[in-house]
Every structure is written in structure tokens, then in C-alpha cells.
Amino acid sequence: MKVIDTIALILVIIGAINWGLIGFFNFNLVDTIFGAMSVISRIIYALIGISGLWCIRLFFDNK
């Protein structure tokens, strides 16, 4: 499960950077690279959302 945790954390960090860019500069990096709400953009947003949910379990990890 360590690999999945690492991938999820990387995706959450990418999402956080994108939200920071939107908040500070009104610049959406994902939309700029892949097109506004294209299929690829929607897949990326979905993966980042799932990763965020997955990372919730890291709060309860006893290790």
C-alpha cells in the first residue's frame, strides 16, 4: 500500500498547487495544459479527488 499512498499524496500536492495558482493568480494550470473541462482534465480532477479521499486514511494510520 506504500506505493498507492505515495501516488495519492503526489496527486493531492499537484491539486493543491493548482488551487493555489487559481486563488492567487486566477490561473488554472490543468485547464491550460489539457483544455477547459476536456475529458483528460476531468479524469485528472477525478483522480485528484479520489486521492484526497484516499489521503484521509493517512490521518488514522498508526505507523
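1. Helix α1 has 24 residues and spans 34 Å from its first C-alpha to its last, close to the 34 Å expected at 1.5 Å a residue; the expected span is 1.5 Å times one less than the number of residues. Helices (H or I, at least four residues) and strands (E, at least two) are DSSP runs, numbered from the N terminus.

2. On the basis of the note: this is a predicted model, in which local features need pLDDT of at least 70 and side-chain atom pairs count only at pLDDT 80 or more, while totals for chains, interfaces and linings use all residues. Residues are numbered from 1 along each chain as its sequence is written, and side-chain values use heavy atoms, with hydrogens and water left out.

3. Overall architecture. The protein holds three helices and zero strands, in the order α-α-α from the N terminus. Along the principal axes, its C-alpha atoms fill a box of roughly 40 × 25 × 15 Å. Of the contacts with a separation of 6 or more, 49% are between residues 24 or more positions apart; a contact means heavy atoms within 4.5 Å.

4. Burial and surface. Of the 63 residues, 19% count as buried. Buried means under 20% relative accessible area, exposed over 50%, and partly exposed in between (1.4 Å probe, protein chains only). The accessible surface of the protein is about 5000 Å², and 76% of that area belongs to carbon and sulfur atoms. Areas come from the Shrake-Rupley method with a 1.4 Å probe; for residues, only the protein chains shown count as cover.

5. The buried side of α1. Asp5, Ala8, Gly15 and Asn18 are the buried residues of α1. These buried residues pack against α2 (29-34) and α3.

6. Asp5 and its partner. Asp5 sits in helix α1 (residues 2-25) and counts as buried because its relative accessibility is 14%. Leaving aside residues up to four places away in sequence, Asp5 touches Trp54, Arg57 and Leu58. The side chains of Asp5 and Arg57 are joined by a polar contact of 2.9 Å. A polar contact is a pair of N or O atoms within 3.5 Å; within protein, one must be able to donate a hydrogen and the other to accept it, and residues adjacent in sequence count only if both atoms are side-chain atoms.

7. The salt bridge. The count is one salt bridge, where the term denotes a side-chain nitrogen of Lys or Arg within 4 Å of a carboxyl oxygen of Asp or Glu. Arg57 forms a salt bridge with Asp5, and the closest N and O atoms are 2.9 Å apart. Arg57 lies in helix α3 (residues 39-59) and Asp5 in helix α1, so the pair ties together parts that are 52 residues apart in sequence. Arg57 counts as partly exposed because its relative accessibility is 33%.

8. The end of α1 and the nonpolar patch. Just after α1, Asn26 takes a positive phi of about 55°. Phe24, Phe25, Phe27, Leu29, Ile33, Phe34 and Ile40 make a nonpolar surface patch of about 760 Å². The elements that give two or more residues to this patch are α1 and α2, and α2 gives the most, with three residues. Phe25 lies in helix α1 and counts as exposed because its relative accessibility is 61%. Patches are made of residues with over 30% relative accessible area and no salt bridge: like charges are joined within 9 Å, nonpolar side chains (Val, Leu, Ile, Met, Phe, Trp, Tyr) within 5 Å.
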